[in-house]
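Reader: I have the sequence and the model open. Please take me through the structure, one point at a time.

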Amino acid sequence: MNDTVISAKNLSLTFETNDGPVHALKDINLDIAKGEFVSFIGPSGCGKTTFLRCMADLETPTGGEITVNGVTPREARSSRAYGYVFQAAGLYPWRTIGGNIRLPLEIMGYSKEDQAKRVQQVLELVELDGFDRKFPWQLSGGMQQRASIARALAFDADILLMDEPFGALDEIVRDHLNEQLLALWARTEKTIGFVTHSIPEAVYLSTKIVVMSPRPGRIADVIGSPLPKERPLDIRDSPEFIEIAHRVRDGLREGHADG
Amino acid sequence: MRNVLPVLTVVLAVFALWYGGAVLLNKNWAYDKAERAGVELSFGEMVKDTMTQEKPRLPPPHLVGAELWKTTGAMVQRGRAFSKRSLIYHGWITLSSTVLGFVFGTGLGILLAVGIVHNRAMDKSVMPWIIASQTIPILAIAPMIVVVLASAQVDDLIAKGVISMYLSFFPVVVGMVKGLRSPDHMQMDQMRTWNASRSQTFWKLRLPASAPYLFASLKVGIAASLIGAVVAELSLSQDGGLGARMLVGSYYGQTVQIWSALIAAATLAALMVAAIGVVQRVTLKRMGMAQ
């Protein structure tokens, strides 16, 4: 495929610890095409976050190859090819919401007018317009996480990497943010890598679900979703949805059985 | 207002202890005088004598208060606030070297902390020396600093500032190292994903994150700086200052003078700590970090 954005070949990562080597990732092969929404799901220690961090050049693989936009993750990071959303919003308490979103733009040297314009744009995108002068503590947890997504979108990278962004939020807020994220993805046509613990979340959001298993961290199953791009929340009661969820669950169980 | 009662209770207890101590410590002198004069002292007469001695071992509060008034307020009324006998004059001298030493110390402390946080070699090599420096009694090295700097023709004020700096940089280094390291892994990773340079990470993340730590350190630092200034004045007593007042007082057994200089120094320290507290509240509030 020509429009491959992220490509991993025999990717391995071994941490040396006092108790011997830990194989966080072993022989991972995966291609992610432009515009895909790929979820990584699996139990703790399966390497899903480590894999995402390899794409972001936050970890250095010990074997195999990985390319992002056809270049090494380091080059991709230097050219600011991706936005990364962490589990915690990580907004600076001494900056307003607008100031927080402006932060990466200041670092990347955007002009003042451009900064203001982009902050406005992404605030609208995550439905937080009018909140730019508020401080983080004045916002709920869900709104803070939306602001952190806006911050990752502000410099308009084509790739969005998200590491359990909604993990700390309650069910109802999570549903709402999932809906918003899908709408945002449809509008911006970004390629999204999304780490999660939740099967319904993975199935609801993704075009491709990567099921991973631990010790050593590897891919147990890759499931392409037949669900349409347009997904109302009640699609989760449809037979197709339940079938994919089953397959994901089976994949997770298998990984555990021989793990 | 709920705090008024407990605060008053503590103040009363302090005064009661002080008066009690004054009677206990001064009564021998009262009895000695009576014996030499060949009179018997009743308990009431003894207590009265301990409250009015000219050179008591422990001057009672009202004598210290009277001396404080005589050397501050009364001199202001007579328009001689900056006469050499005025505590305002001496307090001003102490204040100038305290502030100078505090500025030196804060600057040095921040510079060292930045170096320690950014350079592994400095982290490993400098920190033990900084801690060792604080185990040396300042009283021992102050005269040496004075002699060395005097021979290099350095102004006395600077010499006193250097001694204050010696005490005040320490809390600033410790607090700033902790503050500059307070951003967690995630925040540092986040900077990495934006490909931020080290200086950008410093100015936009580490430095603002360290502000609350800095203010806590500054409060300790300015109090330490005052102690340094007073100690320095013992070596440079010809220039005056609260420390010089204490020294002169001890030469001539003027305990009242020593105590009023002590109280003046304590008041000065409290005012400076309070001033930093105000700056802290305003700054953190403007930064949106008020607790």
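Author: One term is needed before we start. A residue is buried if 20 or more other C-beta atoms lie within 10 Å of its own. Keep in mind that this is a predicted model.

Reader: Which are the buried residues of helix 11 of chain B?

Author: Helix 11 of chain B covers residues 242-251. Apply the cut-off of 20 or more other C-beta atoms within 10 Å. The buried residues are Leu242(B), Gly243(B), Ala244(B), Arg245(B) and Met246(B).

Reader: Which helices of chain B do the buried residues of helix 11 pack against?

Author: Contact here needs C-beta atoms within 7 Å. The partners are in chain B. They are helix 5 (87-118), helix 10 (198-235) and helix 12 (255-286).

Reader: Which residue with a positive phi follows helix 11 of chain B?

Author: The phi there is near 65 degrees. The residue is Gly253(B).

Reader: At what angle do helix 5 and helix 8 of chain B pack?

Author: Helix 8 of chain B spans residues 156-180. The contact between the two helices has 20 nonpolar, 10 polar and 1 charged residues. Their crossing is right-handed. The axes are 5 Å apart, and the angle is about 40 degrees.

Reader: Now chain A. What is its radius of gyration?

Author: Chain A has 8 helices and 9 strands. The globule rule gives 18 Å for 259 residues, and chain A comes close to that, so it is as compact as a globular protein of that length. Its radius of gyration is 18 Å.

Reader: What share of the residues in chain A is buried?

Author: The C-alpha atoms of chain A fill a box of roughly 55 × 40 × 40 Å along the principal axes. The chain has 259 residues. The buried share is 45%.

Reader: Which element gives the most to the side of chain A that touches chain B?

Author: In this interface, 16 residues of chain A are in contact with 15 residues of chain B. Helix 2 (73-78) and helix 3 (97-107) of chain A each give two or more residues. By class, the chain A side has 12 nonpolar, 2 polar and 2 charged residues. The top contributor, with 3 residues, is helix 3 of chain A.

Reader: How far apart do the C-alpha centres of domain 1 and domain 2 of chain A lie?

Author: Domain 1 is assigned 1-47 + 54-81 + 159-236, and domain 2 is assigned 89-156. Their contact takes 10 residues from domain 1 and 11 residues from domain 2. The centres lie 24 Å apart.

Note on methods
Residues numbered from 1 in each chain as written. Chains lettered and ligands numbered in written order. Predicted model: local features only at pLDDT ≥ 70, side-chain atom pairs only at ≥ 80, totals over all residues. Buried ≥ 20, exposed ≤ 12 C-beta atoms within 10 Å, placed from the backbone. Helix = DSSP H or I, 4+ residues; strand = E, 2+ residues; numbered from the N terminus. Contact = placed C-beta atoms within 7 Å. Rg over C-alpha atoms; globule rule 2.2 N^0.38 Å. Nonpolar A, V, L, I, M, F, W, Y, C, P; charged D, E, K, R; others polar. Axes fitted to C-alpha atoms, helices over the stretch in contact; angles between N-to-C directions. Left-handed = near helix turned anticlockwise from the far one by under 90°. Domains from an automatic or database assignment.
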